Amino acid sequence: MTRYHNILSQKTAKFAAIAIVGTVVGLGMAHTTNAQPTTPQTVARVDLDRYMGTWYEIARLPMFFQRHCASDVTASYSQQPNGTIKVDNQCKQKDGKVIQSIGQATQNGESTSRLKVTFLPQGLRWLPFGKADYWVLALDDNYQHALVGTPNHKYLWVLSRTPTMDENTYHQFVTIAQQQGYDVSKLQKTPHHLATL
């Protein structure tokens, strides 16, 4: 398992470098061509203590970094003594093997609904790049369902505290995403099995 995690860490670092270049190029093109819709709106405030814990991915827009995730995608958040948030992402490949990626989230300015997340290796997280936007676009009052995206409309996740979400709630969150300018026709639902990761 240690050897697997070492290989995964090396791959993660390479993917992070590719992502940084891709994000910069993508944002530059969006700015020059003005092709993207207006900037999405986040919720007014997130109680980060209540937001901590495990979230199950119900659906997502396809993305390079999750291309091997076939099922059981979760994200677990926990407050750290230094004020940062530990991000523990896990999923299962088609063969049942678990992929895990540990990252770090920090508050983006004064807003608790806009975070910056990095999965760079621990020693490189001080760098001023390699951090992705994590915007909470919708959140129910009980902190059971959330809609998270990036302001460039490239990434979007529908999250729940449980592995399932009723269709009415799902469609409400998808409608919000559509109104915010996301291409919801590309959303992929995430299968979950009852066995824990």
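**Figure 1. The hairpin of E6 and E7 contains a residue with positive phi.** Five residues lie between the two strands of this hairpin, and Tyr143 takes a positive phi near 55 degrees. The model is predicted: local features need pLDDT of at least 70, side-chain atom pairs count only at pLDDT 80 or more, and totals for chains, interfaces and linings use all residues. Residues are numbered from 1 along each chain as its sequence is written, and side-chain values use heavy atoms, with hydrogens and water left out. Helices (H or I, at least four residues) and strands (E, at least two) are DSSP runs, numbered from the N terminus. E6 and E7 are antiparallel and pair over four bridges; two strands pair if DSSP finds at least two bridges between them. Within this pairing, Ala138 stands opposite Leu147 in E7.

**Figure 2. Strand E6 also pairs with E5.** E5 and E6 run antiparallel and are joined by four bridges. Arg114 stands opposite Trp135 in E6. The charged end of Arg114 also sits over the ring of Trp135, 3.8 Å from its centre. A charge sits over a ring if NZ of Lys or CZ of Arg is within 6 Å of the ring centre and within 35 degrees of the ring normal. Elsewhere, Lys189 lies over the face of Tyr170, at 4.3 Å from the ring centre. E6 is largely enclosed by the rest of the structure, because six of its eight residues are buried. Buried means under 20% relative accessible area, exposed over 50%, and partly exposed in between (1.4 Å probe, protein chains only).

**Figure 3. Asn152 is found in the loop between E7 and E8.** Is Asn152 buried or exposed? With a relative accessibility of 19%, Asn152 counts as buried. Asp133 is 19 residues from Asn152 in sequence, and their C-alpha atoms are 9.2 Å apart in space.

**Figure 4. Strand E1 pairs with E2, E8 and E9.** E1 (residues 53-60) and E2 (residues 71-79) are antiparallel, with four bridges between them. Trp55 has Ala75 as its bridge partner in E2. Four bridges also pair E1 with E8 (residues 156-160), again in the antiparallel sense, and here Glu57 stands opposite Leu159. E9 (residues 188-189) runs antiparallel to E1 and is joined to it by two bridges; Gln188 is the partner of Arg60. In a regular strand the side chains alternate between the two faces of the sheet.

**Figure 5. Six aromatic pairs occur in the structure.** Rings of Phe, Tyr and Trp (its six-membered ring) pair if their centres lie within 6.5 Å; planes under 30 degrees apart count as stacked, over 60 as edge-to-face and the rest as tilted. One of the pairs is tilted: the rings of Tyr51 and Tyr77 are 5.8 Å apart, centre to centre, with 35 degrees between the planes. This pair links distant parts of the chain, since Tyr51 is in helix H2 (residues 48-51) and Tyr77 is in strand E2, 26 residues apart. Tyr51 and Tyr77 are both buried. The pair of Phe64 and Phe65 is edge-to-face, because the planes are at 85 degrees, with the ring centres 5.4 Å apart. Phe64 is partly exposed at 39% relative accessible area, and Phe65 is partly exposed at 35%. One aromatic cluster is formed by Tyr51, Trp55, Tyr77 and Tyr134.

**Figure 6. The largest nonpolar core has 23 residues.** A nonpolar core is a set of buried Ala, Val, Leu, Ile, Met, Phe, Trp, Tyr and Cys residues joined through side-chain atoms within 4.5 Å. Val46, Tyr51, Tyr77, Tyr134, Leu139 and Leu159 have the most contacts inside this core. Elements that give two or more residues to this core include H2, E2, E3 (85-92) and E5 (111-118). E6 supplies the largest share, three residues. Apart from this core lies another, of 17 residues, among them Ile58, Leu156, Phe173 and Val184. In soluble globular proteins, nonpolar side chains tend to be buried together.
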